[in-house]
Amino acid sequence: RTAVKSDPSQDMASKAQPTKKISSSRDPSKESKDKDTAAKTTKLLSGLSTSSSKPKPALASNKVKASKGKEGAQSKPGGSSQPNKPHKEEDATTAYISNFVAPDDPWKHHRSPYGGSLTLAENWERLKLVRSEQSFVAFSSSDLIKELHEGTGAAPCKSIHYADVIDRAIAARDQSLPLERVSLRGLDMEDFQFGQQLASRVVDLDMSSNLFTSLHRLALSWIRGLDLSGCRLHALPLLSDQTMPKLVCLNVSFNEIRALPSAEDMRALSSLRSLKMQNCMLNSLVSGQEFQLEPLVNLQILDVSFNLLSLPSELLALTKLQRLAELGIAGNEWCVHAEYEETCSAMRKRMATLKKIDATDVSKAFVGYGKAEEGERTTAADAVSHDKSSCSCVEGNVCLSPDNCSNWSKRFSIAHKARLEKYWRCNKNFCDL
């Protein structure tokens with residue numbers, strides 16, 4: 001027999017061809033199994049979705065949490081469970097004031113020549129003396145500003161943080177040096193509170209050019225002069241007797257104070273001797289029939305210049321301030337009114353103590369003042385000669401100022417005659433007066 005030998009290369013090719021065919025082809029049985037698996041998976045997922053849409057009974061722990069959440073939402077305004085930050089700061093300020101130790105008056109050793117502590121009028125005179133002799137001690141270094149604004153630290157609110165920082169700066173100074181006038185100008189403070197060191201040593205405080213929008217709930221201090229000009233106040237701060245009982249000088253110029261408080265609220269500032277309100281966008285001094293500055297009966301200096309005051313008739317309302325010595329009214333809309341000069345002249349005749357208008361002497365501010373004209377009074381004393389209640393000579397007491405004396409040259413004889421008529425006719429001894 002003859003054996004036919006095959007080519008080994010052909011045998012290898014024949015063996016490789018069926019293997020290649022099997023690897024490239026898809027098994028139909030396996031494909032059907034994959035389809036069955038996908039169908040079962042879809043069916044299972046659809047069953048889970050329908051079961052999850054049905055309401056399930058809540059667990060006891062979930063019920064407790066839900067009830068606590070509702071109670072918390074009801075107890076807080078707006079239903080928010082987050083703490084109210086302004087409310088916390090208000091509580092912190094209240095607690096700070098309640099724990100504040102009332103300081104001693106730094107001027108308690110100054111006594112009135114008539115006995116006792118200084119009156120408000122004597123406080124005003126002494127403040128003017130201190131301002132002429134001492135300059136402000138300024139706390140405006142870069143280190144202090146950085147410490148003020150780097151964070152509240154352990155303090156619960158900004159106002160208390162500012163008070164702590166300023167108190168530390170004051171305590172670091174030599175205690176023997178005078179520290180009656182302090183300047184905190186331009187520190188960009190948004191709120192303020194008196195610290196123990198500041199309230200016990202300072203009597204004249206400059207806090208101008210800061211970012212205050214209001215001042216309320218202050219601790220007790222013995223401030224006599226306060227400068228709040230150039231801040232962001234929208235209302236006149238009503239500093240009551242419980243916070244600043246000795247305040248006699250207040251400057252709120254260059255703030256957006258469009259309207260004054262009511263006359264009843266202005267009684268909180270009845271101790272003022274000086275009030276400056278330049279460039280405050282003030283619209284009126286009278287609300288209806290009420291003159292809002294009327295409770296400030298002790299006011300001697302008033303500056304309402306460069307505002308939006310337009311009615312000259314409001315100038316006559318200023319005559320109720322019978323102790324006014326200096327008045328600033330320039331730069332208002334009433335200055336271009338036709339009746340302005342005539343109204344100013346009538347106002348001047350009714351105010352015996354008025355000496356300066358817009359930094360000009362009254363004798364130079366009005367034409368004809370001091371000249372003898374028919375039907376016109378020539379001096380400030382003559383202007384009130386018809387009003388006997390303004391002259392104390394007719395009551396037996398010699399006048400101390402010619403401004404409100406009906407006859408200055410004969411004041412002693414008039415007072416003596418009044419004493420004779422008033423007391424000797426009542427069988428009283430002149431020596432007992």
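**Contacts.** I began with contacts between residues at least 6 apart in sequence. Of these, 58% join residues at least 24 apart; contact here means heavy atoms within 4.5 Å.

**Ground rules.** I note that this is a predicted model, where local features need pLDDT of at least 70, side-chain atom pairs count only at pLDDT 80 or more, and totals for chains, interfaces and linings use all residues. Residues are numbered from 1 along each chain as its sequence is written, and side-chain values use heavy atoms, with hydrogens and water left out.

**Inventory.** I found 13 helices and 12 strands in the chain. Both are DSSP runs numbered from the N terminus: helices are H or I with at least four residues, strands are E with at least two. The chain has 433 residues, and 36% of them count as buried.

**Sheet.** I traced an open sheet of 10 strands with mixed pairing, in the order β1-β2-β3-β4-β5-β6-β9-β10-β11-β12. β1 (137-138) and β12 (360-361) stand at the edges; each has a single partner strand, so one side of each lacks a neighbour in the sheet. Two strands pair if DSSP finds at least two bridges between them. I then checked β3 (residues 204-206) against β4 (residues 225-227): they run parallel and three bridges join them. D206 has D227 in β4 as its bridge partner.

**Helix α7.** I tested the length of α7 (residues 158-171). Its 14 residues should span 20 Å at 1.5 Å a residue, and its end C-alpha atoms are 20 Å apart, which agrees. The expected span is 1.5 Å times one less than the number of residues. α7 is mostly covered, with 10 of its 14 residues buried. Among them are H161, Y162, D167 and I170.

**Loop residue T119.** I located T119 in the loop between α4 (85-98) and α5 (120-133). T119 counts as partly exposed because its relative accessibility is 40%. T119 and K246 are 127 residues apart in sequence, yet 9.0 Å apart in space, C-alpha to C-alpha.

**Largest pocket.** I read a volume of about 590 Å³ for the largest pocket. Of its 15 lining residues, Q300, R323, T353, S401 and N404 are the closest to its centre. A pocket is an open set of points on a 1 Å grid over the protein atoms alone, where a 1.4 Å probe fits, with protein on both sides within 12 Å along at least five of seven lines; lining residues have an atom within 4 Å of a point. The volume is the space filled by probe spheres set on the points, which are joined across faces, edges and corners.

Definitions and conventions. Buried means under 20% relative accessible area, exposed over 50%, partly exposed in between (1.4 Å probe, protein chains only).
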